Amino acid sequence: MKKEWHELGLTEISTVYGRPIRLYNAERTLCDIFRQRSKVDADLLNDSMKRYLARKEKNVPQLLRYAEQLRVSTPIRKYVEILL
């Protein structure tokens with residue numbers, strides 16, 4: 001993975017005990033799943049995209065920006081067009 005992609009989508013939240021943890025947001029996680037789509041079950045791809053698009057907190061423009069940078073825009077756009 002390219003070094004400049006490490007910070008893409010990185011966010012920090014606190015655990016229930018108040019400890020900060022760093023993790024990737026949902027948009028980045030979806031892009032990572034699609035980057036490995038040849039190794040991932042098709043049902044997982046479908047289910048993860050459906051769940052993401054059903055969320056109130058979804059940010060589709062950000063998802064598409066990340067997809068462009070991570071070079072998975074074509075499959076993600078297909079899923080978004082079909083499911084929206």
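Helix α3, which spans residues 60–69, has Val60, Gln62, Leu63, Leu64, Tyr66 and Ala67 as buried residues, where buried means under 20% relative accessible area, with a 1.4 Å probe and protein chains only. Helices here are DSSP runs of H or I with at least four residues, numbered from the N terminus. The model is a predicted one, in which local features need pLDDT of at least 70 and side-chain atom pairs count only at pLDDT 80 or more, while totals for chains, interfaces and linings use all residues. Residues are numbered from 1 along each chain as its sequence is written, and side-chain values use heavy atoms, with hydrogens and water left out.

| Helix | Residues |
|---|---|
| α1 | 26–35 |
| α2 | 42–54 |
| α4 | 73–83 |

Leaving aside neighbours within four places in sequence, Cys31 is in contact (heavy atoms within 4.5 Å) with Leu63, Tyr66, Ala67, Leu70, Val72 and Ile76.

Gln62, which lies in helix α3, is buried because its relative accessible area is 17%; not counting residues up to four places away in sequence, Gln62 touches Asn25 and Glu27. After α3 comes Arg71, whose phi is positive, near 60°.

How values were computed. Buried < 20%, exposed > 50% of the residue type's maximum accessible area, 1.4 Å probe, protein only. Helix = DSSP H or I, 4+ residues; strand = E, 2+ residues; numbered from the N terminus.
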